[in-house]
Structures are given as structure tokens and as C-alpha cells.
Amino acid sequence: MRDWNVVITVHTGEFGTARNILKKLGPMAKTGFYNVLVMKVEDPIGFLETIHNLVTEDPHLLHILSRVVPATKTFDFKTADEFEENVTKAVLSWLPKIADRSFHVRMHRRGLKTQLSSQIEEHLLDEELLRALEENGKSGEITFEDPDAIISVETVGERAGLSLWTRDDLRRYPFLGMD
């Protein structure tokens, strides 16, 4: 599935169970990565609430679904340079939401090990956001202890999905599994 907008990681031994639960919620596909599924949903935020309701009804689902991360922005890329250009443009669109707040970028990369480094990309994006905030007369702070927001970057092969989650989102949806 090339046009996914949700990445799901599953706990070891629960792949079949997870597929049976999720297949009712929309088109889904296996990936070439261990315990990773992707889905295409019409409303990524509404999907998040659906998963929240399922987990509320059956908390055992948290032992099946390790992470469920909808993306509000997606793009395909072929090269590391193309990735960096597109991801920078996407995260900069969130400047108003992170201005004068604490945040950090968290990247989960699947594939392209020789082309992209999650740690390097996280650091570059954090620094780019701080620079852009300063240029706009705003401040921001990179912190990993209870940040106001986390920007999530998920890659599966040559596709990326991004989303921004607030502290309240992270508390309400523990299955986002940002840190």
C-alpha cells in the first residue's frame, strides 16, 4: 500500500490478532518490516479516537498494539535530500503550534538505513525549528521531559508520515508511543 497514512507496530506474537481487529477499520497492508502494518483511513484523527474507544472497551489491546500513529501529512521521496526538503517544509508549517513551547522531533525510520539516520534527522529538524522560531521573534525549547508537543516522523521505505501531538494528546492516546 503506497498511500498509507497510519503506521501500526504490533507486539511480538500478536500480528494475526492485530490484523483481525484492524481489518474492520479500513484498508490495511503488511510491510516488509517486522510487526509493522500500514493503513489508509479517511480521517486520521477520527481513527485515533476509534482506537481510543476500542482500547477503553478492552485495555488488553495495549498488549497487542504497540504503537498506532496516524499521519496528518504524508509524502513520498526517493533520496535523502528529497526527504529532508519535504520533511523540513512540513514541520515548519507547525511553527505557530510550537511557538513559545517545549517540543522535540521523534523519528521512527523503517528502511533506508544507509540513507537516513533517525537521530541525525531529529537533531537537524529540532535545530531548524529553533532557528525558524527565532527568526520569527518566537522562542522554543527542546526537551524530552514532558514536552508541550512532539512532532512525529514515521517512515516506511520511501514514504513519510508526520503528525504533531500535544501533551494532552499523548496522555489521552498512550498507544501513540512517542517516547
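Histidine 52 is buried, with 15% relative accessible area. This opening stop belongs to a predicted model. Select residues 44–57 to display helix 2, the element in which histidine 52 is found. Then extend the selection to Arg172, Tyr173 and Phe175, with which histidine 52 is in contact once its neighbours within four places in sequence are left aside.

**Helix 5**

Next, select residues 118–135, which form helix 5. This helix has 18 residues, and the distance from its first C-alpha to its last is 26 Å, close to the 26 Å expected at 1.5 Å a residue. Colour Ser118, Glu121, Glu122, Leu125, Asp126, Leu129, Ala132 and Leu133, the residues of helix 5 that are buried. They cover an arc of only 135 degrees around the axis, and therefore lie on the same side of helix 5. Turn the view to the face directed away from that buried side: the exposed residues Gln119, Ile120, Glu134 and Glu135 are carried there.

What do the buried residues of helix 5 pack against? Display helix 3 (80–92) and helix 4 (95–98), together with strand 6 (101–110), strand 7 (140–142) and strand 8 (149–156); these are the elements against which the buried residues pack.

Serine 117 is found in the loop between strand 6 and helix 5. At a relative accessibility of 28%, serine 117 counts as partly exposed. A distance drawn from the C-alpha of serine 117 to that of glutamate 134 gives 26 Å, for a separation of 17 residues in sequence. Just after helix 5, select glycine 137, which takes a positive phi of about 70 degrees.

Now centre the view on helix 3, which has 13 residues and reaches 18 Å from its first C-alpha to its last, close to the 18 Å expected at 1.5 Å a residue. Highlight Ala80, Phe83, Val87, Ala90 and Val91, the buried residues of helix 3. Seen down the axis, these buried residues fall within an arc of 95 degrees, so they line one face of helix 3. On the other side of helix 3, the exposed residues are Asp81, Glu85 and Lys89. The cover over the buried residues of helix 3 includes strand 5 (73–76), helix 4, strand 6, helix 5, strand 8 and strand 9.

Keep helix 3 and helix 5 on screen together. How are the two helices, helix 3 and helix 5, packed? They pack at an angle of about 45 degrees, and their axes are 10 Å apart. That angle makes helix 3 oblique to helix 5. The crossing of the two helices is right-handed. To display the contact, select Phe83, Glu84, Val87, Thr88, Val91 and Leu92 on helix 3, and Glu121, Leu124, Leu125, Glu128, Leu129 and Ala132 on helix 5.

**Two aspartates with positive phi**

Most residues other than glycine have a negative phi. Aspartate 100, placed in the loop between helix 4 and strand 6, has a positive phi near 60 degrees. Aspartate 146 is found in the loop between strand 7 and strand 8, and its phi is also positive, near 50 degrees. Aspartate 146 counts as partly exposed, at 45% relative accessibility.

**Glutamate 158**

Select glutamate 158, in the loop between strand 8 and strand 9 (159–166). Glutamate 158 is partly exposed, with a relative accessible area of 26%. Which residues is glutamate 158 in contact with, leaving aside its neighbours within four places in sequence? They are Arg2, Phe75, Asp76, Phe77, Lys78 and Leu112.

**Asparagine 35**

The last stop is asparagine 35, which lies in the loop between strand 2 (28–30) and strand 3 (36–39). Is asparagine 35 buried or exposed? Its relative accessible area is 10%, and asparagine 35 is buried. Show Ile8, Thr9, Val10, His11, Thr12 and Phe15, which asparagine 35 touches when residues up to four places away in sequence are not counted. Finally, draw the distance from asparagine 35 to valine 105: the C-alpha atoms are 23 Å apart in space, and the residues are 70 apart in sequence.

How values were computed. Residues are numbered from 1 along each chain as its sequence is written. This is a predicted model: local features need pLDDT of at least 70, side-chain atom pairs count only at pLDDT 80 or more; totals for chains, interfaces and linings use all residues. Side-chain values use heavy atoms; hydrogens and water are left out. Helices (H or I, at least four residues) and strands (E, at least two) are DSSP runs, numbered from the N terminus. The expected span of a helix is 1.5 Å times one less than its number of residues. Buried means under 20% relative accessible area, exposed over 50%, partly exposed in between (1.4 Å probe, protein chains only). The arc is that of the directions from the helix axis to the C-beta atoms. Contact means heavy atoms within 4.5 Å. Axes are lines fitted to C-alpha atoms, for helices over the stretch in contact, and angles run from 0 to 180 degrees between N-to-C directions. Angles under 35 degrees count as roughly parallel, over 145 as roughly antiparallel, 65 to 115 as roughly perpendicular and the rest as oblique. A crossing is left-handed if the near helix is turned anticlockwise from the far one by less than a right angle, and right-handed if clockwise.
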